[in-house]
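Let us walk through this structure together, one part at a time. Have the sequence and the 3D view ready, and follow along as we go.

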Amino acid sequence: MADADGSFVTLIEKYGAEYLTWLMLMITSPGKIVIKTNDVKNSSRQSKYLLVIISVSIFIGATLGALIPNRPELKHRIEIFFVVSLLWLFLSFLVHYSCRLIGGKGNIQIGMSLMMQNLAFTYVASNFLTFTLLSVEGVYHPIMSFAHKFGILQTPGEILFGWQFLILLYLVPSTISYAHEFKGVRWFIVAVFSACFAIFFGYPVFALGGC
């Protein structure tokens, strides 16, 4: 029993450290995530690498989401997450082949992996930032009041959706453009294209109260 407990703790430490390293790289240096993804592409570690990231992100994001007031029930939010994930896979194909059309050099396997990592990070980060903002709303009350006057950021769902848009606007080109070796105008095109499609697919979910 002691050995089993010790093995469990070892696994938590190993994958916990791996996840935290990934999380920090997504925040500070998304380009290094591209290098890391390339490193594990042809190894048996790729599926495990993605599985750990996605599983832990779902757990953390769902836990944080449960702490945010006036959100849909956990079951509904998990269902929405998987629906969005399927839509995101379709979007990933669109982004990849659009990049190839304008001269991108990235591999589809790398592109799909990066897009799923972008979604996982956005899910965690948007829930964390929304929870933090609403927890200290008293401090930012003048800003929130100003936003309310313009009819924006009225609900936790709107705040969450806003964070997701901003994160993806930065994160997708920072990883996908790096993988396709884009700079300048083409980097900007990827940013706008990705953000527009993210809104196109995400807004119906938001409008139905899924955020």
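We can begin with helix 2 (residues 30-41): at 1.5 Å a residue its 12 residues should span 16 Å, and its end C-alpha atoms are 17 Å apart, which agrees. The expected span used here is 1.5 Å times one less than the number of residues in the helix. Helices (H or I, at least four residues) and strands (E, at least two) are DSSP runs, numbered from the N terminus. Within helix 2, the residues P30, G31, I33, V34, T37, V40 and K41 are buried. Buried means under 20% relative accessible area, exposed means over 50%, and partly exposed lies in between (1.4 Å probe, protein chains only).

Before going further, a word on what you are looking at. This is a predicted model, in which local features need pLDDT of at least 70, side-chain atom pairs count only at pLDDT 80 or more, and totals for chains, interfaces and linings use all residues. Residues are numbered from 1 along each chain as its sequence is written, and side-chain values use heavy atoms, with hydrogens and water left out. The predictor's confidence in each residue is given as pLDDT, from 0 to 100. Its mean over the chain is 76, and 72% of the residues reach 70 or more. Confidence is highest in helix 5 (residues 108-135), at a mean of 87, and lowest in helix 6 (residues 141-149), at 53.

Now for the overall plan. The chain has eight helices and zero strands, and along the sequence the pattern reads α-α-α-α-α-α-α-α. Of its 211 residues, 43% are buried.

L101 counts as exposed because its relative accessibility is 76%. Together with I102, V185 and I189, L101 makes a nonpolar surface patch of about 400 Å². Such patches are made of residues with over 30% relative accessible area and no salt bridge, where like charges are joined within 9 Å and nonpolar side chains (Val, Leu, Ile, Met, Phe, Trp, Tyr) within 5 Å. The accessible areas come from the Shrake-Rupley method with a 1.4 Å probe, and for residues only the protein chains shown count as cover. F93 is also found in helix 4, and with a relative accessible area of 38% F93 is partly exposed. F93 and M115 are 22 residues apart in sequence, while their C-alpha atoms are 9.5 Å apart in space.

Moving on, helix 7 (residues 156-179) has 24 residues that should span 34 Å at 1.5 Å a residue, and its end C-alpha atoms are 34 Å apart, which agrees. Helix 7 also has a kink of about 30 degrees centred on L168, where the bend at a residue is the angle between axes fitted to the seven residues ending there and the seven starting there.

Just after helix 7 comes E181, with a positive phi of about 60 degrees. What does E181 form with K105? The two form a salt bridge, with their closest N and O atoms 3.6 Å apart. E181 lies in the loop between helix 7 and helix 8 (184-207) and K105 in the loop between helix 4 and helix 5, so the pair ties together parts that are 76 residues apart in sequence. A salt bridge is a side-chain nitrogen of Lys or Arg within 4 Å of a carboxyl oxygen of Asp or Glu, and the structure holds one. K105 counts as exposed, at 58% relative accessibility.

Our last stop is W187, placed in helix 8. With a relative accessible area of 31%, W187 is partly exposed. W187 and S177 are 10 residues apart in sequence and 5.7 Å apart in space, C-alpha to C-alpha.
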